[in-house]
Amino acid sequence: KFLASGSWDNTIKIWEVGSWELIKTLEGHSDIVNSVSFSPDSPDGKFLASGSWDNTIKIWEVGSWELIKTLEGHSDIVNSVSFSPDGKFLASGSRDSTIKIWEVGSWKLIETLYGHSNSVYSVSFSPDGKYLASGSDDKTIKIWEVGSWKLIETLKGHSDGVKSVSFSIDGKFLASGSYDKTIKIWEVESWKLIKTLEGHSDIVHSVSFSPDGKFLASGSDDKTIKIWEVGSWKLIKTLVGHSSGVNS
């Protein structure tokens, strides 16, 4: 029903899907809002999480749009926030090189994941809720087992920092976008690198699979969005229109 956007103006704006009207501006962060994420519906309700340069995560109640909690614990910028598919956990990645796991509802910090040696830019849960992937400026992607929170795999292949990670809808693939201008496709079952997608001429900030699982979109500092066919991994379309880099 809603679209949320975080901005350099320190606010989050809520838009109504369909009418596309701006229905609310959420104020509370004291610096840039890097990431926003809606929770799945759960017995505890539905929430919006926002991560900011002010080192905090704020939790907003969907509908009333009231600020219900500010999560403090990171010692640097929060780059990414993501809810688990079952709505039980919230993960946050930070420039302090850690990932923090928060329990939804109580909003208690239950785990801090150490392993990256540089800024964590992106966190993403697999659709089945078994894994959490994290992409970092240390050029690696780390795979964590949800529940035990053990590090089970470190994926190496990028020659520069990893800006974005995203699982396919069927959970078969993990895509990663990087400062090295490439997108890499990893097979989840084996965690092997199966394809490197080349075509962007600058940093790949964002990767995202379509809901039907047929396409992968990538946004870059080269001002374009590229659409790739899942499976063949062929580039099928380049979208041009932005006058500056595409971050999301």
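Is Phe2 buried, partly exposed or exposed? Phe2 is partly exposed, with a relative accessible area of 28%; buried means under 20%, exposed over 50% and partly exposed in between, for a 1.4 Å probe and protein chains only.

The model is predicted: local features need pLDDT of at least 70, side-chain atom pairs count only at pLDDT 80 or more, and totals for chains, interfaces and linings use all residues. Residues are numbered from 1 along each chain as its sequence is written, and side-chain values use heavy atoms, with hydrogens and water left out.

Rings of Phe, Tyr and Trp (its six-membered ring) pair if their centres lie within 6.5 Å; planes under 30 degrees apart count as stacked, over 60 as edge-to-face and the rest as tilted.

| Pair | Centre to centre | Angle between planes | Class |
|---|---|---|---|
| Phe2 and Trp65 | 5.1 Å | 90° | edge-to-face |
| Tyr121 and Tyr179 | 6.0 Å | 50° | tilted |

Phe2 belongs to strand β1 (residues 2-6) and Trp65 to the loop between β6 (57-61) and β7 (67-71), so their pair ties together parts 63 residues apart in sequence. Strands are DSSP runs (E, at least two residues), numbered from the N terminus. Trp65 is buried, at 7% relative accessibility.

Tyr121 is buried at 18%, whereas Tyr179 is partly exposed at 27%.

Five of the six residues of strand β20 (residues 204-209) are buried, so this strand is largely enclosed by the rest of the structure.

Definitions and conventions: Helices (H or I, at least four residues) and strands (E, at least two) are DSSP runs, numbered from the N terminus.
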